[in-house]
Structures are given as structure tokens and as C-alpha cells.
Amino acid sequence: MTELVLEATPGRTLVGRLAGGTDLVAGIERICAERDITAAWVGVIGAVSHAAYAYYHQTGHRYIELASDTHHEIVGFIGNVSLRDGRPFLHAHGTFADERGACVGGHLLRGITVFASEFTIRELTGVELIRTFDEETGLALW
Amino acid sequence: MTELVLEATPGRTLVGRLAGGTDLVAGIERICAERDITAAWVGVIGAVSHAAYAYYHQTGHRYIELASDTHHEIVGFIGNVSLRDGRPFLHAHGTFADERGACVGGHLLRGITVFASEFTIRELTGVELIRTFDEETGLALW
Amino acid sequence: MTELVLEATPGRTLVGRLAGGTDLVAGIERICAERDITAAWVGVIGAVSHAAYAYYHQTGHRYIELASDTHHEIVGFIGNVSLRDGRPFLHAHGTFADERGACVGGHLLRGITVFASEFTIRELTGVELIRTFDEETGLALW
């Protein structure tokens, strides 16, 4: 893919929490969908009772899925919202720490169960971030 | 706890550094208290000479405290400021890396000693984030 | 170093992606240089085919350089842009996860090869962040 640099205008700033038991990725996507947020930068702090994440095999062009029932703290998080198939899609990566502080991380999948979480969603307006299939990487990129 | 979504108005944007030897969590809280900042989203990059962090036992409803005198880089950070007991309270999670790059992380406690750090504090106005005890999780949530 | 707290004014909000094969740190710095961005807070999500990072030895005042040809996801990221030697300089720390989810992290060096990445650059205006040598830490601080 080629380089892309867009200038956005800050839109709404949401701050909130997900209910316990919520699917983290689906929950953020639903909150965006309900408010017609189609582009945003997202931060999440919290803990999960089930982690579902993935590693992208860069030459095999496939995700290797990982999961854990260990209760974890979210100790690193980066995410953004764009449109995929016409709906808000959260692309997020995160790091999880267990009771000894040991860390695992990856591309966050649907299926993560929130124990507690606080988020911020900073809407970006004036830009269209629409994911489409990229042959070179095998990823859905905007 | 139930879902909560608030729309905030961006307030002041602070950028700065803590002095060497400062307690990271207490330092950010003091900077906010001195400026009457009661809600914010916070980012910190830097290194610490002592790390103090915790894991929340989700069924036991207690924090398991961890600490390390290893000098670490801060390689992941998520945090926000709200009010707890009437004062600005920093809720932050972070990841620390040692000289081999190995990572540990958790809920950041008071007692972290800053070697060097740079921060941004993005104030959120128009919202009241006040922590109170939540029976379901055993945590102080807003 | 002493404490420093500045109030900035939000400037431009850029969102974009680096081309595959780009040097992550140099790429963000170039994008800033091309747009005269001299202070910013930066977020990056993505994956790399080569990682180059470092640990700062706090008493020896030297960086210990680490590198890996393992393909990694970026699962934690914190960064800011300031001026160093008259040019935009990205100070960033990050966490990388491999195919088992195992994490390493550190201070990001030039030489990281992007597989795919999405970034936001939030310009800070009204402040001058200029790095100069700090005797106490051995670091170039603003």
C-alpha cells in the first residue's frame, strides 16, 4: 500500500465504560454505530475475563488466533474506528498482563469479555476511512 | 455495572515532564489538583527506576501488588483522571520493559519512581467522573 | 531535570498510514517535517517485519540496542514529536508481540520496518519542545 496522510477535524469526544460481560470490540463498535461515528481514535483501560487476540502471519496472509481464559489487565491499547462493510469497525491491538505481570498481546478479536473497562472515543470528522481488501498485505486497509 | 457513555468537551491540553525521582501517579495527580483538572485522558512515555503495579483478582476482589527495582522503560500506557474522595485520581495501566526487552505490566500504583518521563494530559470538561464503590466488581468506578 | 508543565493549543489532527517497507520512526518524522509539525502526540497501530528498539541504562547513560527479525504486531505505543537539531524528532516507546502473543518492548529506534501501520498525529501548537542534552540523565530532553 502507498502512504496516506489525511487531515481530520476533531468531532465528538466520548468517555464512558462498557458493562461487565460485554464483548469489548463489538461493544465499542455498537456504541459508534448508535451515534453514527464512522472514524475515531480509541483508548481503553480495564480488565478482561477472557482474551481473544490474533497474530497476522505476514507472508501466509492469515491470522493465527489466540485466546485465554486467564483474567488479565489491559496494559497497552491502541485502536481506531473506520468503516468496514458499511459499519463502524474497531481495529485495535492490545497487551494483557496476568497476576504475575506477565504480558501477551496481539490484534484484538471479537470475543473478549470485559470485566471492567473505561474508554475514550475521539471522533474524526472530515475524513472517510473505508476498509477495502489490499492485495499486497492481504489485509482490509483504509 | 451498566454501560455509560458521556459526551465531553475538550478542555486544556497540557504537555510536560515530571522531575526525576517523582512518584509517577502522585505527580500526575498533583499537577491536575494544582490546576483543578477533575477529568482527563493521560499519556506517559518514559523510564522508571522502581515499578509498583498490581493485578486485580476479579473473583477475590482484591489487588495483588507487584513491585520491581529493575530499571524499566514504559512501553505501554493508558490512563485517565477522575475524582475520588474529592481529589483528582489517576487510573492508569502500563507495560514495563527491561534491558532484554522483556515486559511486565499491570495497574499502576503509587510508589513508581520516575527516571525520566514526558506526559500529555487532555482535560475533559462538561462531564463529572466521580469514583464510587461498585459492589459487583469491588472497584471504585465512575 | 525539573518539572515542566506547558499548556498547548491543539493544532492539526492527521490520520494516515505508512507504506509497507517504510522506516517507522523516520517515516513519522518525515511526515511531520513536510508539514512543519514541530510538536505533537502520536499513536501508531500496525505490524512490523523488523523491530529495532533500545533500553536506556540509567546509571551507565547509554542505550543498549536490541533488534529482531521476527514479524511482530505493535501492541503498545506511546510517542511524541519535538524538535531535535532543528528537525522533528519522534520519541516513541512500543511493545511488540509475536505469533504466540509473547511481548518485548523498548525505546523505538530508526530501522523498524513497517509491514502495515495506521497512525494519528495530533499537533500541539503554542509550545516549543526543543530537545537539548541533560547532564543528569544523559538524555536529550525538552
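Glu34(C) and Arg30(C) form a salt bridge, with their closest N and O atoms 3.2 Å apart. Both residues sit in helix α1 (residues 24-34) of chain C, four residues apart, or about one turn of the helix. Arg30(C) is partly exposed, at a relative accessible area of 33%. Shared partners extend the pairing: salt bridges join Glu3(A), Arg30(C), Glu34(C) and Arg35(C) into one network. The model is a predicted one.

### Salt bridges

Over all chains, the structure holds 21 salt bridges. Side chains of opposite charge can pair when their charged atoms come close. The table lists some of these pairs.

| Pair | N to O distance |
|---|---|
| Glu34(C) and Arg30(C) | 3.2 Å |
| Glu34(A) and Arg30(A) | 3.3 Å |
| Glu123(A) and Arg12(A) | 2.9 Å |
| Arg30(B) and Glu3(C) | 2.5 Å |

In chain A, Glu34(A) and Arg30(A) lie in helix α1 (residues 24-34), four residues apart, about one turn of the helix. Glu34(A) is partly exposed at 49% relative accessibility. Arg30(A) is also partly exposed, at 32%.

Glu123(A) belongs to strand β7 (residues 113-125) of chain A and Arg12(A) to strand β1 (residues 4-18), so the pair ties together parts that are 111 residues apart in sequence. Are these two residues buried or exposed? Glu123(A) is buried, with a relative accessible area of 10%. Arg12(A) counts as partly exposed, at 25%.

### Chain C against chain B

The contact takes 42 residues from chain C and 39 residues from chain B. About 3300 Å² is buried between the two chains, and carbon and sulfur atoms give 60% of that area.

Arg30(B) makes a salt bridge with Glu3(C), at 2.5 Å between the closest N and O atoms. The chains also share 18 residue pairs in polar contact.

Several strands of chain C take part. β1(C) gives the most, with six residues. By class, this side of chain C has 24 nonpolar, 14 polar and four charged residues.

Strand pairing also links the two chains. Strand β1 (residues 4-18) of chain B pairs with β1(C) in the antiparallel sense over five bridges. Within this pairing, Gly16(B) has Val5(C) as its bridge partner.

### Individual residues

Most residues other than glycine have a negative phi. His61(B) is not a glycine, yet its phi is positive, about 55°. His61(B) is in the loop between β2 (40-57) and β3 (62-68) of chain B. His61(B) is partly exposed, at 33% relative accessibility.

Asp85(B) also has a positive phi, near 55°. Asp85(B) lies in the loop between β4 (72-84) and β5 (87-97) of chain B. Asp85(B) is exposed, with a relative accessible area of 63%.

His57(C) lies in strand β2 of chain C. His57(C) is partly exposed, at 22% relative accessibility. Leaving aside neighbours within four places in sequence, His57(C) is in contact with Arg62(C) and Ile64(C). The C-alpha atoms of His57(C) and Gly138(C) are separated by 9.8 Å, although the residues are 81 apart along the chain.

Conventions: Residues are numbered from 1 along each chain as its sequence is written. Chains are lettered from A and ligands numbered from 1 in the order in which they are written. This is a predicted model: local features need pLDDT of at least 70, side-chain atom pairs count only at pLDDT 80 or more; totals for chains, interfaces and linings use all residues. Side-chain values use heavy atoms; hydrogens and water are left out. Contact means heavy atoms within 4.5 Å. Buried area is the accessible area (1.4 Å probe) that two parts lose on being put together, summed over both. A salt bridge is a side-chain nitrogen of Lys or Arg within 4 Å of a carboxyl oxygen of Asp or Glu. A polar contact is a pair of N or O atoms within 3.5 Å; within protein, one must be able to donate a hydrogen and the other to accept it, and residues adjacent in sequence count only if both atoms are side-chain atoms. Ala, Val, Leu, Ile, Met, Phe, Trp, Tyr, Cys and Pro count as nonpolar, Asp, Glu, Lys and Arg as charged, and the others, Gly among them, as polar. Two strands pair if DSSP finds at least two bridges between them. Buried means under 20% relative accessible area, exposed over 50%, partly exposed in between (1.4 Å probe, protein chains only).
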